[in-house]
Structures are given as structure tokens and as C-alpha cells.
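Visitor: Could you show me one part of this model up close? I'd like to start with where the open space is, and then see what else is worth a look.

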Amino acid sequence: MRPTVFPAIHREGWPFIAIFIVAAIILSWIHGSLGFLGLLLTAWCVYFFRDPVRVTPMRSGLVVSPADGIVVSLGPTVPPSELGLGDQPLPCVAVFMNVFDVHVNRAPVTGRIRHMAYRPGRFFNASLDKASEHNERNGVVFELPDGRAVGAVQIAGLVARRIVWWVGVGDAMTAGSRFGMIRFGSRVDVYLPQGVTPQVCIGQRMVAGETVLADLQSSEALRPGFAS
């Protein structure tokens, strides 16, 4: 029960937690009520960097959500040029993470990392459409065994100022494995292969590594508005 009640804290969080603890101590010396505020902020920081265990469905062909959060955009979108996925619209699912969501990002599919591309940019609210084009971002392209590709783009948000990744080109990944995180509110856009139908809807809550976004083996017809 312990991992469920007290989820692990990701190593990326410990330096921040230490800073918050020191700040809380200093604030308590200044005034007791400020120390209480510092304690609350420290508790939030611990909560933010939690890294709970996830159970990923392992059936071949499933695409799982790379992020916790809410689906804020769903439809054919031209992928960023640096991904090398072409200039035609692809089915895209955008998942927005607020500051209370788990921010550890997980591989959407099992495959090899074919390409990675970081691009500096601005820090618009990540829930806005223009964030995909203008914000700081890091793109990861996963190559499937059949040669198709799925792209995942980490996008910094209004508060997020740091995108972190722990993988490199050529690494073999399994669906649901951790590949990076974005600190303090952000978004991940997933670009699916042509002809694949997303199986989620706008406003639906995603659980990273568990919620199925699409089935690459499904023969279901495309929804109206998706490119074929």
C-alpha cells in the first residue's frame, strides 16, 4: 500500500524540494504565518514531483497517453518541421497538464527513438493553440517495428521554463516508460500516423502510460475532419 499512498518522488524534484524547505525555514524565522505558507508550498512541490507507478496496457499496436492532463485539442495538424514527419496534417492529440498533474512524461508506443529536436521559444499558456507553434519545445519521434512513426512534442507553458529528457536517438523504448518531464505546467502533443483514428475526445482526462489514445491496428473509419 505504501507506493499507492506515498508515491515515489522523481529525482528531478529533490533539488527543488530542498530549496523550498530552506525557504520555508527562512520564512518561519521572519514570521510564523509566512513559515506556514512556506510549508504549504513545500508540500505542493513534493506533490508536483511525484512519480507514481503506472500499469501500461501491453497489447501490440496501442498508443498510450504520454502525459497526465486534459485533451485540449484534437484534429489534423501539420507537425513541427523539425520532427521530419512531413508537411501534411496528421492526426494530433494535445494533452494539457496543469500544475497539479503528474509531470513525468512516458513513451506513447514501443519502438526506437529515431529523431529528437529541441527548439527554443516563448512561453504562452500551453492550453492555447499557438503554444504548439511558438513555445519552447522538444520533439521525440518514435519509430515502430513496422516503420511507421509517432511523434511526441513536449511544450513548455506559461509557468514551465524547463523541459527535461533522459533519452537519446537510438534508444529502445517500451510504451509507458519514462522519457522526460516538463516543470510546472505544460503540454504534450502526440502526432499519429496517417489513417489512425484517435480514440479520445476533447475534455477527456488522460493518465500517462495508461489511457489509450489510439489503436494502430484498428480498422475503424476516420472521424469526420481527420485527414486520410
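Guide: Gladly! Of the 15 residues lining the largest pocket, Ser-60, Gly-61, Thr-110, Leu-144 and Pro-145 lie nearest its centre. (On a 1 Å grid over the protein atoms alone, a pocket is an open set of points where a 1.4 Å probe fits, with protein on both sides within 12 Å along at least five of seven lines; lining residues have an atom within 4 Å of a point.) This is a predicted model: local features need pLDDT of at least 70 and side-chain atom pairs 80 or more, while totals for chains, interfaces and linings use all residues. Residues are numbered from 1 along each chain as its sequence is written, and side-chain values use heavy atoms, without hydrogens or water.

The space in the largest pocket comes to about 250 Å³, taken as that filled by probe spheres set on the grid points, which are joined across faces, edges and corners. Its lining consists of 8 nonpolar, 4 polar and 3 charged residues, with Gly counted as polar.

Now for helix 3, residues 32-48 (a DSSP run of H or I, at least four residues). Its 17 residues should span 24 Å at 1.5 Å a residue, and the end C-alpha atoms, 24 Å apart, agree. Gly-35, Gly-38, Thr-42, Cys-45 and Phe-48 are buried in helix 3, that is, under 20% relative accessible area with a 1.4 Å probe, protein chains only. Down the axis of helix 3, these buried residues fall within an arc of 130°, so they line one face; the arc uses directions from the axis to the C-beta atoms. Gly-32, Phe-36 and Leu-39 are exposed on the face turned away from that buried side, exposed being over 50%.

Definitions and conventions:
Helices (H or I, at least four residues) and strands (E, at least two) are DSSP runs, numbered from the N terminus. The expected span of a helix is 1.5 Å times one less than its number of residues.
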